[in-house]
Amino acid sequence: MDVVESNYYLLFFTYIIEAIIQIFLLNRFIKKHVEKYWYEFLGITIIIFLSDILAYLTFAYNSATGLISFHGKLVFICVSILCCNLILWISGLIIKNKMKRLNDENDKKIKRVPFSLIILICNFIIIFIAPTLLKLNNDKMSIMSYLEQKYGDGIYKVVKIRKQYSKADGFFTGYDVSGYNYEIKSDYMENTFIIHISNESSYISSDYFLPVYYSEKYNLEYELYYEYDDRTKETHYNFDKLEEYIRNNIKVKTKEIETENVEIEDIFANYIHSWNNMDGVQYNPNYFIISENYGRIPSMDELMDLLIDYYK
């Protein structure tokens with residue numbers, strides 16, 4: 001089950017608990033004839049109705065296009081919640097209209113309902129906080145597995161997680177979170193490196209492990225930091241020295257390829273994201289220069305051989 005589906009089912013199971021609370025309050029109202037329970041029930045019903053609409057708009061919103069997209073499972077869950085909530089609300093109205101006499105407690109001032117407040121907070125967490133926490137946890141597990149399979153066990157540790165923003169396109173304007181930059185420490189190298197993962201998927205778009213590793217190993221100057229431009233935050237890098245080093249060594253090793261075509265991005269850019277593609281993700285062949293199950297750090301000679309094979 002992916003993160004998106006986890007969000008849907010978390011929303012659904014949360015409502016089941018809330019529906020049980022609704023039924024409990026309605027039952028108390030029937031037995032006690034105290035209007036306070038009716039208002040508690042009504043307050044929760046309104047909160048669930050508004051939360052259901054908000055959940056659909058939030059989960060279905062596509063930051064890449066700025067539009068609300070259709071998700072079959074999400075629609076089914078939200079419509080199911082809406083129908084069940086309406087049935088309980090209508091049932092409550094029928095029961096209240098049949099009540100001929102209410103207890104004296106009805107005359108007391110109705111205070112803020114604890115159940116309503118709790119449910120309001122829970123729904124806010126489910127809609128706005130839980131999805132991010134689930135994604136970050138899922139991304140972290142994916143990154144650790146990816147690094148171990150690709151480079152071996154380097155005792156990786158996430159030091160910082162930073163959001164990366166980009167200007168939104170489409171109907172809604174502004175700035176959206178386009179992805180997350182994971183700053184990671186490993187015993188393979190002295191400094192940290194960065195893994196960028198897309199917000200719209202679990203795919204790793206950039207992996208700066210090798211550029212940092214090789215730059216440190218061969219004492220080459222490099223830059224890798226977060227750059228702030230207006231309201232956007234992007235990863236800035238400069239591995240020109242490493243690129244020059246690789247090109248010069250390839251030139252010595254073979255004359256069969258034009259070394260000017262060799263780009264350092266080919267060892268850390270994993271895929272190209274294209275919304276024009278039907279599947280949403282268009283893979284770059286460069287992704288396979290170093291396979292995900294390589295299992296160790298390639299030596300410089302091995303890396304150059306891989307690049308030479310690719311550019312032939």
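1. With which residue does Glu35 form a salt bridge, and how far apart are the closest N and O atoms? The model is a predicted one, and in it the partner of Glu35 is Lys96, with the closest N and O atoms 3.6 Å apart. This pair links distant parts of the chain, since Glu35 is in helix α2 and Lys96 in helix α3 (residues 72-98), 61 residues apart. Glu35 counts as buried because its relative accessibility is 12%, under the 20% cut-off, whereas Lys96, with a relative accessible area of 26%, is partly exposed.

2. The count of salt bridges comes to seven, and another of them joins Glu183 to Arg162, where the closest N and O atoms are 3.0 Å apart. Glu183 belongs to strand β4 (residues 175-185) and Arg162 to strand β3 (residues 157-167), so the pair ties together parts that are 21 residues apart in sequence. Glu183 is buried at 16% relative accessibility, while Arg162 is partly exposed with a relative accessible area of 22%.

3. A further salt bridge is formed by Asp305 with Lys253, whose closest N and O atoms are 2.7 Å apart. Here too the pair links distant parts of the chain, with Asp305 in helix α7 (residues 300-311) and Lys253 in helix α6, 52 residues apart. Asp305 is partly exposed at 34% relative accessibility, and Lys253 likewise counts as partly exposed, at 38%.

4. Turning to the aromatic residues, the structure holds 22 aromatic pairs. The rings of Tyr222 and Phe239 count as stacked because their centres are 5.6 Å apart and their planes lie at 10 degrees, an angle under the 30 degrees that stacking requires. Tyr222 is in the loop between α5 (209-217) and β7, and Phe239 is in the loop between β8 (232-238) and α6 (240-253), so that the pair links distant parts of the chain, 17 residues apart. Phe239 is buried, with a relative accessible area of 2%, whereas Tyr222 is partly exposed at 23%.

5. Why is the pair of Tyr237 and Phe268 edge-to-face? The centres of the two rings are 5.0 Å apart and their planes are at 80 degrees, so the pair falls into that class. Tyr237 lies in strand β8 and Phe268 in the loop between α6 and β9 (272-273), so parts that are 31 residues apart in sequence are tied together. Tyr237 is partly exposed, with a relative accessible area of 28%, but Phe268 counts as buried at 2% relative accessibility.

6. Two backbone angles deserve a comment. His33, in the loop between α1 (3-32) and α2 (35-60), has a phi near 60 degrees, a positive value in a residue other than glycine, and it is partly exposed at 27% relative accessibility. Asn219, in the loop between α5 and β7, has a positive phi of about 55 degrees although it is not a glycine, and this residue is exposed, with a relative accessible area of 70%.

7. Finally, Glu221, Glu223, Asp240 and Glu244 form a negative surface patch. Of these, Glu223 has its place in strand β7 (residues 223-229) and is partly exposed, with a relative accessible area of 37%.

Conventions. Residues numbered from 1 in each chain as written. Predicted model: local features only at pLDDT ≥ 70, side-chain atom pairs only at ≥ 80, totals over all residues. Heavy atoms only, no water. Patch = residues over 30% accessible without salt bridge, like charges linked within 9 Å, V, L, I, M, F, W, Y side chains within 5 Å. Areas by Shrake-Rupley, 256 points an atom, 1.4 Å probe, with all protein chains shown as cover. Salt bridge = Lys/Arg side-chain N within 4 Å of Asp/Glu carboxyl O. Lys, Arg positive; Asp, Glu negative; His and termini not counted. Charge placed at Lys NZ, Arg CZ, Asp CG, Glu CD. Helix = DSSP H or I, 4+ residues; strand = E, 2+ residues; numbered from the N terminus. Buried < 20%, exposed > 50% of the residue type's maximum accessible area, 1.4 Å probe, protein only. Phe/Tyr/Trp six-rings, centres within 6.5 Å; stacked < 30°, edge-to-face > 60°.
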